[in-house]
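Biologist: Please take a close look at one part of this model for me, the aromatic rings. Start with the overall layout, and end with the neighbouring ground.

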Amino acid sequence: LDHAEELNIDPDCIVLSGYSIGAMMALGLAFRLRRYGITPRGLSIVAPPCDDLASGPSASISFASENLGFEERVITWHSFFGSTNVANPALSPAVVDVARVLRAVEDLKGFPPVFMHIMESDPNRDEDLEFCSKLLAANVMTGIHLWPGTNHATFYSGPMYELKGKFYAEIMGDLKTLIESDCRRPWSAE
């Protein structure tokens, strides 16, 4: 933000997007920007891990080809939030702080609009649906698309096919909406 003007960046027009861990990073950045008084125009995110406890029934879904099981999710949380020892089962204070926010409706009031894409057979499915329900309870503009017959890797691997084309078209539509329209609800933070 210190160099936004020289980089020709308008802090009021930030849109964040990501898939899987990239979506988790986008969520984390949105929370961090709030500390500086900046609310992004919105997020278009796909299958982010939203629960450090991985406690929903879908958390047991694991695909060996994806290397995305419970243990990998714990390592991801520790790595992303800077734990000094990723094998340590105790969550770092940074993880606890962000995880608490992801679980608390009150802390989501005034959060930027979110378009969430969720895969049917994904370890993140239940926590993503729960997170979206908390966003809705906090009166955050929330778009939810549950993609039937898909798993975590469906849209980022393999050749293009009809459903994958629809997925990417919808992501582009999300981004276009967020860039062209200010869908934030500042009044919902009160």
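Modeller: The protein has 5 helices and 4 strands. These are DSSP runs, numbered from the N terminus: helices are H or I with at least four residues, strands are E with at least two. This is a predicted model, so local features need pLDDT of at least 70, and side-chain atom pairs count only at pLDDT 80 or more, while totals for chains, interfaces and linings use all residues. Residues are numbered from 1 along each chain as its sequence is written, and side-chain values use heavy atoms, with hydrogens and water left out.

From the N terminus on, the order of elements is β-α-β-α-α-β-α-β-α. Of the 190 residues in the protein, 45% are buried. Buried means under 20% relative accessible area, exposed means over 50%, and partly exposed lies in between (1.4 Å probe, protein chains only). Contacts mean heavy atoms within 4.5 Å. Among those with a separation of 6 or more, 74% join residues 24 or more positions apart.

Now the rings. A search of the whole structure finds 7 aromatic pairs. Rings of Phe, Tyr and Trp (its six-membered ring) pair if their centres lie within 6.5 Å; planes under 30 degrees apart are stacked, over 60 edge-to-face, and the rest tilted. Take Tyr19 and Tyr156. Their ring centres are 5.0 Å apart and their planes stand at 85°, so this pair is edge-to-face. Tyr19 lies in strand β1 (residues 15-19), and Tyr156 in the loop between β4 (142-151) and α5 (162-180). The pair therefore ties together parts that are 137 residues apart in sequence. Tyr156 is partly exposed, at 44% relative accessible area.

Tyr19 has another partner, Phe167. This pair is also edge-to-face, with 6.2 Å centre to centre and 65° between the planes. Phe167 belongs to helix α5 and Tyr19 to strand β1, so parts 148 residues apart in sequence are tied together. Both Tyr19 and Phe167 are buried. Step back, and ring pairs link Tyr19, Trp147, Phe155, Tyr156, Phe167 and Tyr168 into a cluster.

Ser20 sits in the loop between β1 and α1 (21-35). Its phi is positive, about 65°, although Ser20 is not a glycine. At 15% relative accessibility, Ser20 counts as buried. Asn8 also has a positive phi, near 60°, and is not a glycine. Asn8 is found in the segment before β1. Asn8 is exposed, with a relative accessible area of 72%.

Last, the strands. Two strands pair if DSSP finds at least two bridges between them. Strand β2 (residues 42-46) pairs with β3 in the parallel sense, over 4 bridges. Here Val46 stands opposite His117 in β3. β3 is also joined to β4 by 7 bridges, and these two strands run parallel. Ile118 has Leu146 in β4 as its bridge partner. In strand β3 (residues 114-121), 6 of the 8 residues are buried, so the strand is largely enclosed by the rest of the structure. Together, β3, helix α4 (residues 125-137) and β4 make a right-handed β-α-β unit. Right-handed means this: with the strands pointing away from the viewer, the path from the first strand over the helix to the second runs clockwise.
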